[in-house]
Amino acid sequence: MTAPMKIKRTKSQIAFSIIGYTVITLVSIYCLFPLVLIVSGSFTQNDVLMRQGYSLWPRVFSTAAYRQLFRYPEGIINAYGTTIMCTVVGTALGLFIITMTGYVLQRPDFKYRSKVSFMIYFTTIFGGGMVPWFIMLSKYLHFQNTYMARILPLLMSPFLIILMRTFISSTVPHEIIESAKIDSAGDFAIYWRIVLPVITPGIATVGLFLALGYWNDWYLTSLFITKKNMYSLQFYLYDMLNSVRFAQEMGIPQLGTEQVPTESIKMAMVVIVTGPIIFLYPFVQRYFIAGITVGSVKG
Amino acid sequence: MAGAVKAKESATKATGRAKKKDGFVAEFRRNKVMFAMLIPVTVYFLLNNYLPMAGIYLAFTKFNFVGGIFGSPFVGMENFKFLFSSGKLLKLTANTLSYNVMFILVDHVLQITFAIILSRLGSRIFTKFTQSVMFLPHFVSFVILNVIVYNIFNYEVGFLNGILTSLGQQPFDAYNTPGAWRFILLALHVWKGVGYGTVVYLATITGISTELYEAADIDGANVFQQIRYITLPLLVPTFIILLLMSLGRIMRGQFDLFYQTVGNVGTLYDVTDILDTFVYRSLRLEFDVGMGTAAGLYQSVFGFIVIMSANAAIKKYQKDYALF
């Protein structure tokens, strides 16, 4: 961010500050409020939740929900495992392909780079739609109940490829690549040994975009996965929420039976599923901001 | 975004042409390795984007899974006829468009406002912290929206009704008040995306030279005048690019948001059903592949026309802002 300008204490400046601080404070509260409700619910005794509803602060504090969740943790642990696996594999593979593509597409001596760029870009303005895509992947590529279904579709996106191309062309001076070529380095060697080491900020940004996509995915599981032990974390949560709702609508009484999780268990589950993101957030958000900045200003 | 890139590329292309005139074979021989490096990306887009386009044919069939794309009975325009004559398509289009127009308008007004405020507040600790808080919802999954809606609007245990009853008011039954969902969905959409957009605009604002403001200061312009005559005009290019990109998605949009919040609540379809949710349901719940493809194709073509005409219009008026 720019250094704050020398601010003259004029009337209009004071008025602006009062309005500004108020507005931004209110917006921040608005953004935090739903998350606070969830955390508070997870630490509230369940029958209090049922009788008095959700509140911003636990009316009767209890960690029972967490304790009960950890009594049978297999499902969550399993969903965590598959999600971590897909996130790691997908992000690594995606990064490799995206950086390699971005590198080739910004080489001025590669004749077809604008044609290839357009082939990639075109997919954002026209597509066959979701149904043909699903039929192709399920009937012809046999993706049902494979991890391919959870990894392949999120490997890359035109936005990330263009972001990476812009990042490479604006951070790696072309002379470096030229002189390496004169020293008869191969095109792949230039990419691997010269370009990759100097674009780590770009890799961090794109990697985070990819990882977030994998971590938060529920859609691909909902389409392709029917085996419970292959569920993604978010879909596991979604499935649980739905079964609770279904049970409620059917009028199955909630007496803390094992199959029907209670209100507070639901909230504890949300906290456990989202926790890692909130925890990592302070450390990674600047890479996001840096990436968005490159993508929006220099593109 | 792509406009500038293209200009740069056509410049280098011109010099390349002057040097040597050669065909695909010569280029392939020279840059074999680079061609090889593009294999993964090509395979990806072929499988994930281009091959499925052949499936558009499904829109003209009555699909069965055994026959597959080309073995299912051909029914011509039947699917489209049904969609049009039942009035369904009109309703879905109206809903999709009105939601997206509302989202685009509110998004940009709020994002620009917040970005301008953040850029001009003195306390950096405050702006850094609030910016992080505003950006946080972007990181949580859409499944969380499912939970949030429940926590706030559930009839028995929701936060809202807790407040209302403690104030002696009638409790509010969201699921039997379809009209309210326009605002609820807007509020949730803003919640999820306002931070991201604010950061984009903030990036542009911080790129503006401080000299401009200093000069304006000397000339006696107050904060509001400076915003009006310096910041806003300089945000126009970013605004137009972002607007064009959102216009490209005007027929799609926000499947996660709608599906996770209202999902399959049939009583609300009149107000909340958009093309995306309809297509998803045709596939997953009604198994009507032909109908789903037809609606999806209509969505794609309509969106394509919108983006092409918007781009052409911008091109005519201000060439630099065009996407391609």
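**View 1. Area buried between chain A and chain B.** In this predicted model, chain A and chain B bury about 10,500 Å² between them, 73% of it on carbon and sulfur atoms (buried area is the accessible area, 1.4 Å probe, that two parts lose on being put together, summed over both). On the side of chain A, Phe16(A), Trp218(A) and Tyr281(A) lose the most area to chain B, together 7% of what that side buries. Helix H1 (residues 11-42) of chain A gives the most to this side, with 19 residues; helices are DSSP runs of H or I with at least four residues, and strands are runs of E with at least two, numbered from the N terminus.

**View 2. Contacts across the interface.** Here 116 residues of chain A are in contact with 107 residues of chain B, contact being heavy atoms within 4.5 Å. Between chain A and chain B there are zero salt bridges (a side-chain nitrogen of Lys or Arg within 4 Å of a carboxyl oxygen of Asp or Glu).

**View 3. Chain B.** Chain B has 17 helices and zero strands. Of its 324 residues, 50% count as buried, that is, under 20% relative accessible area (1.4 Å probe, protein chains only). The C-alpha atoms of chain B fill a box of roughly 80 × 75 × 35 Å along the principal axes.

Residues are numbered from 1 along each chain as its sequence is written, and chains are lettered from A in the order in which they are written. Local features need pLDDT of at least 70, side-chain atom pairs count only at pLDDT 80 or more, and totals for chains, interfaces and linings use all residues, while side-chain values use heavy atoms, with hydrogens and water left out.
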